[in-house]
Structures are given as C-alpha cells and as structure tokens.
Amino acid sequence: MATGAVPASFTGLKSRENGLGFAKSMEFVRVSNTQRVKFRRTKVSVIKNSNPGQEIVELQPASEGSPLLVPRQKYCESVHKTIRRKTRTVMVGNVALGSEHPIRVQTMTTTDTKDVVGTVEQVMGIADKGADLVRITVQGKREADACYDIKNTLVQKNYYIPLVADIHFAPSVALRVAECFDKIRVNPGNFADRRAQFEQLEYTEDEYQKEIEHIEQVFTPLVEKCKQYGRAMRIGTNHGSLSDRIMSYYGDSPRGMVESAFEFARICRKLDFHNFVFSMKASNPVIMVEAYRLLIAEMYVLGWDYPLHLGVTEAGEGEDGRMKSAIGIGTLLQDGLGDTIRVSLTEPPEEEIDPCRRLANLGTRAAELQQGVEPFEEKHRRYFDFQRRTGQLPVQKEGEEVDYRGVLHRDGSVLMSVSLDQLKTPELLYRSLAAKLVVGMPFKDLATVDSILLRELPPVDDNDARLALKRLIDISMGVITPLSEQLTKPLPYAMVLVTLKELSSGAHKLLPEGTRLVVSVRGDEPKEELEILKSTDATMILHDIPYTDEKIGRVHAARRLFEYLSENSLDFPVIHHIQFPRAIHRDDLVIGAGSNAGALLVDGLGDGVLLEAPEQDFEFLRNTSFNLLQGCRMRNTKTEYVSCPSCGRTLFDLQEISAEIREKTSHLPGVSIAIMGCIVNGPGEMADADFGYVGGAPGKIDLYVGKTVVKRGIAMEQATDALIQLIKDNGRWVEPSAEE
C-alpha cells in the first residue's frame, strides 16, 4: 500500500480521478491507493489492498463528526460471539504461542539481574506458581553476562521455563543476550530512537525515510541473530515511550503506537523473520484497548496473523491493579483476542500469576463455549475512538414530591443491593453507603452510592426501617424494589423494577400513575419483545444476564441491546447488573466485573454498575464498583495512581514507597500520581498523571509536574514530603477530612 504525508490541515477525500485518497487522523494524514465503488446506493472511497485477504475496505468517520477516517473493517472474528482470532504459532523456547495453544501467562522478575542467585530463586518460584514464561530486565553488558549464568543454573536445576530479555536503549546488549535467552522484547520507541524529549519535530519525506533507514540499520543485526539462534521476539510498544519522531507524525496516540510497531515488523518481514508477537501497552485501559483494536484491524487488512501479548502497564496494586488489568485484558479476551498475558502489579511477581491465570481461564472458557448471541448488525458502536453514549439522566416531573435527579450520576452511577437486616441499623447502613452523617442524618458525598436495590420491602408497620428508607429518598437516593413487593407492601416514592414480560402483561398499570419504572432487560430477547420499550417511560434499564446462562455472552447481549436502543433513538440510561454466584473468589469477582461491565464501559456503553454477590463484604462491593468506573475513565472518586510493577531497573523499594505515598495522598480525588521505579517508560507513561515520583539514581528521586521534571536528585527520605509540597504548590492539595 502506498503511503505518504500531506498537510494535517487537509480534511477530506479526493479520489474521483487519480485514485488517491487521504485518511486524516488528528495530527497526521495517510495517503493510500483508493478506488470508488458503489455501497448501499452511494459511492464511497475505499482503500484497495494488495494482500490476499479482504480486498476492499470502506472508509468511515470513526465517530459522528470525527476528523479521523478509519477502515470499516473487523478488529475481531465476531462482534456477536467470542471466537478466538486465528494466528500463526510462535515458538518461545519449548513453549508455543498462538491460537492453537493455551493462553500463556507470564510475569517479570524484580531482582537485580546481576544477582544471579537471587534471580534464579525468583524464576524458580515463578515457575513453581505456574507461569509459562518469565521476563528479565537486561539493561547493560554486566546484566547480559549474568544472563548466561542464570540460564545455565536454571537448566542445571531442571528448570526449562523460557526466559525473555527486556531491552530498552541497548541494541548491543540485545545482540549479546539473544545468544542465551529464548525471546527478546524490544521497545520500538527507544531501541533505535533517542529518548523522547516531547519536542514537535518537522520532517520532510526524505528526512523521515532516512530515520526509517537508520532503524533498519540498527535493528537488522538483532533480527538476523534471532533467526540464527531460533529466538522469538516481542515488538512491544508502550504508550509512554513513543519517540519524538512518531509523536510528531502521528500524535501521542494509539495510531502512533501501532505505526511504531509496524516500522519494526516491516523490517522483520523484509528479512523473512516471522517468529514474533506484538503488544500495545498503556496504563490507561481505554487507550490500551483502542491501540490493540487498531493494530488488529490493520493486520486483518494486511493479511498478517501474528499473536498478541496483552497487558495494562503500571496498573498498580491490590484490587485497583487487578481491576485495571481486567478492564483492558478482559475486554480483548471477550473478543477472542490475546495469546499470552501479563497482569502488571506493584506486588511480588509470584502474586501476578493467580489473577493472570484467572483472566486466561475466563478468556479460554468464553472462546470454548463461543459465548454470544444470535448474529446482529452493529452500526453504532465506535471501537476505534472512545465516545460515550450518555443516557438521559432523570429529570424532575411536574407534581413529583421528591427529587429523582440524584438517583443517577452524570459521570457513572453505583447501585447497591441492600438487605432487610441492614435496615435494622440505619446509621451503619448510611456509612456503608458512604453517606456523610450530620447528627445521625445522611447526606450524599463524592463517593456515595446513588441508588439501592431492595429485593424485599420491610413490613408496612416497620416504622423504623421505613423511616431509614425515607431519609435516603429525601437525599435523592433511589430505592428500587420489585413490582410484586411494591404492590403488596407499597413504599412511597420507590422506583419499581419490572421485567419486559410484566410490561407486556400490563401488570405495572396497577401502580399509582407516575410511578418511576426500572426495566430489567437481558438483551438477547427477540426484537418483538423489546418493542415494548418504545412506549415505556423508564427511568433506567438494568441489563442482566443470569450467571447460570453460560452460553450467552453478557458483553455481546449488551452490545445487541445498545444497538437496538440506538437504532430506535431510545436514550434510557443503562446500568450493568451482574449477579455473581455465592462464594465467588474476590479476584474472580473483580476480574468478572472488569471483563464484563468494563468491556462495555470502555466502549462508552453504559451509565453505571450494580454488582450483587451473596456473602461478599458490602464495602468491598462498593469499592469495586467505584474502582470499575474510575478504571474506565468515568467517575473519579479517589486519587489515581500509575504505579509500575518493579523490575531489575527499579531504584528503590517500590512496594514500600508506593504504600507510603498512598497512605498520605489517597484522599485527593481528581489528582493522578505516577510512581515509577525508573525512567525507562519515562514521562510519557505518566501522560495521564498530574505529578510524578520517579527513581532518577540510587537513593535519589526526581519529581515531575505532568511530563516536566521540576526537581531532581531529592534524597529518598525527603521525597514523599517534597511530593506533597509540590501538590500544595500547584493548588491541588486538600487536608484530609477529620473522622466524625
């Protein structure tokens, strides 16, 4: 495909006469061979491809009014069921990667690579936990020399787990370690380019081509070495370490991430080397998902079938890290994408294996069952650039005596299921809903639950329980209860949960006129059954597929529902309602919520979540719900952390420092702090962060505001206090609120 550059101010397609078309994306314009064809009664401009696959690709705006024109081609095998994308097999030592093999799990050592004994012990522990591969950072010649001893010692101890060398800035080191390790990970952003200075560079076509020739000159020896020794390679782009050249041409964007990787892949293909995989990592799950989708869409057009390594980089620790990883990795697994995965946590590497395996099992199960729904045409979901579908929030109606406008939140809502037992201790209930208490009376706060589901109403004569509910309704917290309960034990101003069947039967007409309705919908119903929604005045829809329906894909059913709503101009808010089975493991709950609800929220589909799990701690469910919304870049209710998982380059005890910083700064919603062990992924990986705490030298910390370093070489003992002062100096600090 012919490509080139034209001024970024160009805004349209011109291809009637000369066969050239222009696809503009924010900072860049691509020139491609195109032709005109008839499509649905209109003529459209299309890219003509030379690959043996799909020949014609329609161009369309990525979203309504968007300047980005993208090919209207698939990014996965099916949008209505999980089918694993077909790939070639890539051998990493004795482990095969690809669609014909299990989804492989891996992690990365945190020891100093020069510490052969410590690294060997950690690798053995990782292997004993069930990892399929392990990555080791190799930053210099001494580390490369140690790799030979590491490999030999492991073999002597009968450990044959494939070893992956993590390379940044060091082509000569990569050449050395390729002789003993099974796979080389190269970062296209810094393997041949200098470290990004975030400068806007101007290139002529000749200058740009010379840069590509330089990359080929530097990269070719490693490719030849990998061919000679039968090694594998991962071309692993990081959102945070794109080169100035790529960012100047494509922007700090998913498209730039893809093109950065393709520059290296084209060299591999030119040299007839195909034993490689791709990765597109970012700390923001939304960016990560978009980048992988663009990568795969391009590969479909080109006829490439290379496997994928999935990961959300710098995800953090605990439930936050697991949730971010579940959103990013789980979303792609639901579409049958991904052949090896890593969950990057600021925890010991052995602790990454269990959540990694749980995610792999989820993806494997979905593909084995081909979870999904009947085929449907999808026209409205925009999966190449994020655009949220916002449901119509409740508006106050004339004559209503209570305020319903607060039952949903504009940035994403959290609903919780409450039991009758909880109503027996009202103040404890208010606290568990994260309401503020003033003289025992509840008030909504930043992270207060928006509405509650009460499956059973208290008896009509239980005045205390009903007073507790009235006080919640008075602060505009919605109380939802099933139709049968409201008809037998009516609660004033409650919203009533009805099914499509109840709507069709007219049972809801027994309610007083003006009663607010909440409709439970599966999404896989025949369209005739969904027609009742057109004549229903619903405050919200709960999308709910029972967990026992294993063959039905929750994500696919929801996509079908949203397609129906968009097709019929129905703007009801939709809440993702997931009822987990009894005694579910906490990690499975987090991963299930992230992979199911998160997979929809990253596409802008949905207005909130309702997670139910018998016997699970109420506070855990509430926090998981808010973590899910924040991980999907919706409602921000606490400090956001971008925290790297540590490796042999880390210049301080990352887990200890991370815990210290979180303890002192976790009360700053809207503030994002990056905690980075070293500068490898650089200020770029802190693109979303307001402030950065980065290891600059042993025992020394550099502090950043955005991508700009403002203080260097601070002694680690004073660095946390200096970070807090920096936040204060920039007007972002508030004092923690005192406990009541």
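Let me start at one residue, Ile661: leaving aside its neighbours within four places in sequence, Ile661 is in contact with Tyr641, Ile675, Tyr693, Thr720 and Leu723. The model we are looking at is a predicted one. Ile661 sits in helix α19, which covers residues 654–665. Is Ile661 buried or exposed? Its relative accessibility is 0%, so Ile661 counts as buried. There is also a distance to note here. Ile661 and Ala719 lie 58 residues apart in sequence, and their C-alpha atoms are 9.8 Å apart in space.

Now the chain as a whole. The protein chain has 20 helices and 30 strands. It contains 740 residues, and 60% of them count as buried. Now take the contacts in the chain with a separation of 6 or more: residues 24 or more positions apart account for 68% of them.

Next, helix α20, residues 716–729, where Ala722 is found. Ala722 has a relative accessibility of 15%, and the limit for buried is under 20%, so Ala722 counts as buried. Which residues does Ala722 touch, leaving aside neighbours within four places in sequence? They are Leu703 and Ile714.

Helix α16 covers residues 554–567, and it packs against α17 at an angle of about 30°, with the axes 9 Å apart. Angles under 35 degrees count as roughly parallel, and α16 and α17 are therefore roughly parallel to each other. The crossing of α16 past α17 is right-handed. On the α16 side, the contact is made by Arg554, Val555, Ala558 and Arg559; on the α17 side, by Ser595, Asn596, Ala599 and Leu600. Sorted by class, the residues of this contact of α16 with α17 are four nonpolar, two polar and two charged.

The second pair keeps α17 and brings in α18. Helix α17 is residues 586–601 and helix α18 is residues 618–631; their axes come within 10 Å and cross at roughly 35°. Here too the crossing, α17 past α18, is right-handed. From α17, the residues in the contact are Arg586, Leu589, Val590, Ala593, Gly594, Ala597, Gly598 and Leu601, and from α18 they are Phe620, Leu621, Thr624, Leu628 and Leu629. How many of the residues in the contact of α17 with α18 are nonpolar, polar and charged? The division is nine nonpolar, three polar and one charged.

The crossing of α4 and α6 is right-handed. Helix α4 contributes Tyr208, Ile212, Ile215, Glu216, Phe219, Thr220 and Val223 to the contact, while α6 contributes Glu263, Phe264, Ile267, Cys268 and Lys270. By class, the contact of α4 with α6 holds eight nonpolar residues, one polar and three charged.

Now a charged residue, Glu143. Glu143 belongs to helix α2, residues 141–156. With a relative accessible area of 6%, Glu143 is buried. What does the side chain of Glu143 make a polar contact with? The partner is the side chain of Lys114, at 3.3 Å. Not counting residues up to four places away in sequence, Glu143 touches Thr113, Lys114 and Val138.

Last, two residues to check in the backbone. Most residues other than glycine have a negative phi. Asn158 has a phi near 65°, a positive value in a residue other than glycine. Where is Asn158 found? Asn158 is in the loop between α2 and β10, the latter being 163–167. At 57% relative accessibility, Asn158 counts as exposed.

Arg633 is the other one, with a positive phi near 60°, again in a residue other than glycine. Arg633 has its place in the loop between α18 and β26, where β26 is 640–643. The relative accessible area of Arg633 is 29%, so Arg633 is partly exposed.

Key
Residues are numbered from 1 along each chain as its sequence is written. This is a predicted model: local features need pLDDT of at least 70, side-chain atom pairs count only at pLDDT 80 or more; totals for chains, interfaces and linings use all residues. Side-chain values use heavy atoms; hydrogens and water are left out. A crossing is left-handed if the near helix is turned anticlockwise from the far one by less than a right angle, and right-handed if clockwise. Helices (H or I, at least four residues) and strands (E, at least two) are DSSP runs, numbered from the N terminus. Contact means heavy atoms within 4.5 Å. Ala, Val, Leu, Ile, Met, Phe, Trp, Tyr, Cys and Pro count as nonpolar, Asp, Glu, Lys and Arg as charged, and the others, Gly among them, as polar. Buried means under 20% relative accessible area, exposed over 50%, partly exposed in between (1.4 Å probe, protein chains only). A polar contact is a pair of N or O atoms within 3.5 Å; within protein, one must be able to donate a hydrogen and the other to accept it, and residues adjacent in sequence count only if both atoms are side-chain atoms. Axes are lines fitted to C-alpha atoms, for helices over the stretch in contact, and angles run from 0 to 180 degrees between N-to-C directions. Angles under 35 degrees count as roughly parallel, over 145 as roughly antiparallel, 65 to 115 as roughly perpendicular and the rest as oblique.
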